[in-house]
Amino acid sequence: MGEMIKIKSNAEDGFAFDAYRAAAAGERKGGVIVVQEIFGIDEHVRRDVDRWASLGFEAIAPSLYDRREPGFVAGHDPAGMTAGIGHARATPLDQALADIAAVRDRLGPQGKVFIVGYCYGGSLAWLAAGRLDGLSGSSSYYGSMVQANATLKPKCPTIVHLGRLDAGIPADEVESAVRESNPDVPVYIYDDAGHGFNNEDPARHNSASADLARKRTLELFGG
């Protein structure tokens, strides 16, 4: 359904990175920036972009590791985890946000722009909501950096999704931190879900939680 395109970053290096794009099906409701997990633009990210497109949004997922390893895609195994985490940690946040801003600028002339991110992308969706102008809504899924940046004030309507069974992200602590500084930001905890519950890898996916989180995100995006 989608295609790979090139977008020039807003970062000082002006780097042209790959991005996976799918056109909106039917009447265009807006644009959605889909921010990857640590595994790159893999089949699950592409499927998510296609899904948002099927719901009426032009959707684009930037390939945020292209400067380090063009076309990087990793499996959900120990080697893939190690490689993905390494790229995420070595990618400056300002650089990633500049790439996201370039996608925003690509989508912006045609209407509202929203952002949704998962895992690594969930952290970036939270940071983008607080640090970038021009976004109309942000949906952050299980981002490990949300708690440490909970005092950041979102510039657009924002929601947060967490899995109660996520061994790496303490859902109640994240919720408490967000509510202390941003009491108007809804934080949804899914009791039967762990980390990556939107990802369709059978080892991670929780269809009921994924469907409910997508419904809430779609409502935020006005779809």
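What follows is a working conversation about a predicted model.

Colleague: Before we discuss details, what kind of model is this, predicted or otherwise?
Modeller: It is a predicted model.

Colleague: Let us begin with Arg 21. Where does Arg 21 lie?
Modeller: Arg 21 lies in strand S2, which covers residues 16–22.

Colleague: Is Arg 21 buried or exposed?
Modeller: Arg 21 is buried, because its relative accessible area is 18%, and the cut-off for buried is under 20%.

Colleague: Which side chain does Arg 21 meet in a polar contact?
Modeller: The partner is Glu 58, and the polar contact between the two side chains is 2.9 Å.

Colleague: And which other residues does Arg 21 touch?
Modeller: Leaving aside residues up to four places away in sequence, Arg 21 touches Gly 2, Glu 3, Ile 5, Val 49, Glu 58, Ala 59, Ile 60 and Arg 106.

Colleague: Ile 5 is in that list. How far apart are Arg 21 and Ile 5 in sequence and in space?
Modeller: They are 16 residues apart in sequence, and their C-alpha atoms are 6.9 Å apart in space.

Colleague: What can you say about the setting of Ile 5 itself?
Modeller: Ile 5 belongs to strand S1, residues 3–8. Ile 5 counts as buried because its relative accessibility is 12%. Beyond four places in sequence, Ile 5 touches Phe 17, Asp 18, Ala 19, Arg 21, Ile 60 and Arg 106.

Colleague: A change of topic: Asp 99. Which helix is Asp 99 found in, and is Asp 99 buried or exposed?
Modeller: Asp 99 is found in helix H3, residues 93–107. Asp 99 counts as buried, because its relative accessibility is 0%.

Colleague: Which residues does Asp 99 touch?
Modeller: Apart from residues up to four places away in sequence, Asp 99 touches Ser 9, Phe 17, Leu 64 and Arg 67. With Arg 67 there is also a polar contact of 2.9 Å between the side chains.

Colleague: Now the cysteines. How many disulfides does a search of the whole structure find?
Modeller: The search finds zero disulfides.

Colleague: Are Cys 119 and Cys 156 buried or exposed?
Modeller: Cys 119 is buried, with a relative accessible area of 12%. Cys 156 also counts as buried, at 8% relative accessibility.

Colleague: What about the phi of Tyr 142?
Modeller: Tyr 142, which is not a glycine, has a positive phi of about 35°. Tyr 142 lies in the loop between strand S6 (137–141) and strand S7 (158–163), and counts as buried at 0% relative accessibility.

Colleague: Let us turn to cavities. How many of 30 Å³ or more does the structure hold?
Modeller: The structure holds one cavity of 30 Å³ or more. The largest cavity has a volume of about 100 Å³.

Colleague: Which residues line the largest cavity?
Modeller: Among them are Glu 37, His 44, Arg 47, Asp 48, Tyr 118, Tyr 142 and Glu 200. By class, the lining divides into three nonpolar, three polar and five charged residues. The largest share, five residues, comes from H1.

Colleague: Finally, how much space lies in the largest pocket?
Modeller: The largest pocket holds about 450 Å³ of space. Of its 20 lining residues, Ile 38, Ile 85, Ala 88, Arg 89 and Ser 144 are the closest to its centre.

Colleague: Which helices contribute to that lining, and what classes of residue does the lining have?
Modeller: Helix H2 (78–90) and helix H4 (120–131) each supply at least two residues of the lining. H2 gives the largest share, four residues. The lining of the largest pocket has 11 nonpolar, six polar and three charged residues.

Note on methods: Residues are numbered from 1 along each chain as its sequence is written. This is a predicted model: local features need pLDDT of at least 70, side-chain atom pairs count only at pLDDT 80 or more; totals for chains, interfaces and linings use all residues. Side-chain values use heavy atoms; hydrogens and water are left out. Buried means under 20% relative accessible area, exposed over 50%, partly exposed in between (1.4 Å probe, protein chains only). Contact means heavy atoms within 4.5 Å. A polar contact is a pair of N or O atoms within 3.5 Å; within protein, one must be able to donate a hydrogen and the other to accept it, and residues adjacent in sequence count only if both atoms are side-chain atoms. On a 1 Å grid over the protein atoms alone, a cavity is a set of points where a 1.4 Å probe fits but cannot get out, and a pocket is an open set with protein on both sides within 12 Å along at least five of seven lines; lining residues have an atom within 4 Å of a point. Grid points are joined across faces, edges and corners, and a volume is the space filled by probe spheres set on the points. Ala, Val, Leu, Ile, Met, Phe, Trp, Tyr, Cys and Pro count as nonpolar, Asp, Glu, Lys and Arg as charged, and the others, Gly among them, as polar. A disulfide is a pair of cysteine sulfur atoms within 2.5 Å.
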